[in-house]
Amino acid sequence: MQTEVRFGQPHNALVFDNRALDRPHRRSDGFAFGRLTGHLEAQCDRLVGDRATSTLPRIREAIADNARRGEYRAEPLAKRMGMSLRTLERHVRAQGQSVRRLLDEARQAHAQRLLSNPRLGIDEVASRVGYSAESAFRRAFKRWSGMSPAQFRRGERGPSTSPAAAHP
């Protein structure tokens with residue numbers, strides 16, 4: 001039995017050749033259907049398992065791309081990945097991470113890049129990384145890096161400036 005699996009499609013479906021569906025069943029007790037179902041479930045589990053281990057890099061890439069456009073919410077990320085928010089969270093959690101942490105890391109990295117441009121005010125950086133208030137951005141940046149955005153801009157080095165360090 002040849003099986004083709006396509007991820008990220010607009011809908012879920014099993015497609016069978018009409019000739020296979022028109023053939024008479026050998027048993028009417030559902031035995032053949034039960035075997036087919038078991039085969040399909042095992043194949044799906046294998047494919048999803050293979051996919052789960054390779055999903056985190058794709059999620060990080062999608063987060064970085066969304067961050068370049070100023071999007072730091074989980075729902076649009078899940079939609080972009082072709083999965084529900086719950087499925088996205090499950091894939092990320094299976095890799096020992098959290099969606100919020102990944103989004104924060106991308107936001108911090110983007111903020112640090114923007115802060116390296118002295119022509120941008122801190123309020124503009126805050127706005128570009130999704131904060132409506134500069135004070136909320138300053139608090140978040142301090143939580144991420146252990147220093148204020150102004151200290152980071154001046155080149156002062158606090159406890160750490162790496163995105164991962166803010167989340168032990």
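Is Thr55 buried or exposed? Thr55 counts as buried, because its relative accessibility is 0%; here buried means under 20% relative accessible area, exposed means over 50%, and partly exposed is whatever falls in between, using a 1.4 Å probe and protein chains only. Before going further, keep in mind that this is a predicted model, where local features need pLDDT of at least 70, side-chain atom pairs count only at pLDDT 80 or more, and totals for chains, interfaces and linings use all residues. Residues are numbered from 1 along each chain as its sequence is written, and side-chain values use heavy atoms, with hydrogens and water left out.

Back to Thr55, which is found in helix H2. Helices here are DSSP runs (H or I, at least four residues), as are strands (E, at least two), and they are numbered from the N terminus. If you skip residues up to four places away in sequence, Thr55 touches Met83 and His91, where contact means heavy atoms within 4.5 Å.

Now for the greasy part. In soluble globular proteins, nonpolar side chains tend to be buried together. A nonpolar core, as used here, is a set of buried Ala, Val, Leu, Ile, Met, Phe, Trp, Tyr and Cys residues joined through side-chain atoms within 4.5 Å. The largest one has 32 residues, and the members that touch the most others are Ile59, Leu77, Leu88, Phe137 and Phe141. At least two residues of this core come from each of helix H2 (31-68), helix H3 (74-81), helix H4 (85-94), helix H5 (99-115), helix H6 (122-128) and H7. H5 gives the largest share, seven residues.

With 0% relative accessibility, Phe141 counts as buried. Leaving out neighbours within four places in sequence, Phe141 is in contact with Ala111, Gln112, Leu115, Gly146, Met147, Ser148, Pro149 and Phe152.

That brings us to the aromatics. A pair of aromatic rings is described by the distance of the centres and the angle of the planes. In this case, rings of Phe, Tyr and Trp (its six-membered ring) pair if their centres lie within 6.5 Å; planes under 30 degrees apart are called stacked, over 60 edge-to-face, and the rest tilted. Searching the whole structure turns up five aromatic pairs. Take Phe141 and Trp144: their ring centres are 6.1 Å apart and their planes sit at 65°, so this pair is edge-to-face. Both residues lie in helix H7 (residues 134-145), three residues apart, or about one turn of the helix. Trp144 is buried too, with a relative accessible area of 2%.

Phe141 also pairs with Phe152: the centres are 5.5 Å apart and the planes at 70°, so that pair is edge-to-face as well. Phe141 is in helix H7 while Phe152 is in helix H8 (residues 149-153), so the pair ties together parts that are eleven residues apart in sequence. Phe152 is buried, at a relative accessible area of 12%. Step back and you'll find ring pairs linking Tyr131, Phe137, Phe141, Trp144 and Phe152 into a cluster.

What about charge? Side chains of opposite charge can pair when their charged atoms come close. The rule for a salt bridge is a side-chain nitrogen of Lys or Arg within 4 Å of a carboxyl oxygen of Asp or Glu, and by that rule the count comes to eight. In one of them, the side chains of Asp65 and Arg80 meet at 2.6 Å, N to O. This pair links distant parts of the chain, with Asp65 in helix H2 and Arg80 in helix H3, 15 residues apart. Asp65 counts as partly exposed at 23% relative accessibility, and Arg80 is also partly exposed, at 40%.

Glu134 is partly exposed at 29% relative accessible area, and Arg138 is partly exposed at 39%. Some salt bridges share partners, and these join Asp65, Arg68, Arg69 and Arg80 into one network.

One last stop is Met81, in helix H3. Met81 counts as buried, at 8% relative accessibility. The C-alpha atoms of Met81 and Phe7 are separated by 9.5 Å, although the two residues are 74 residues apart along the chain.
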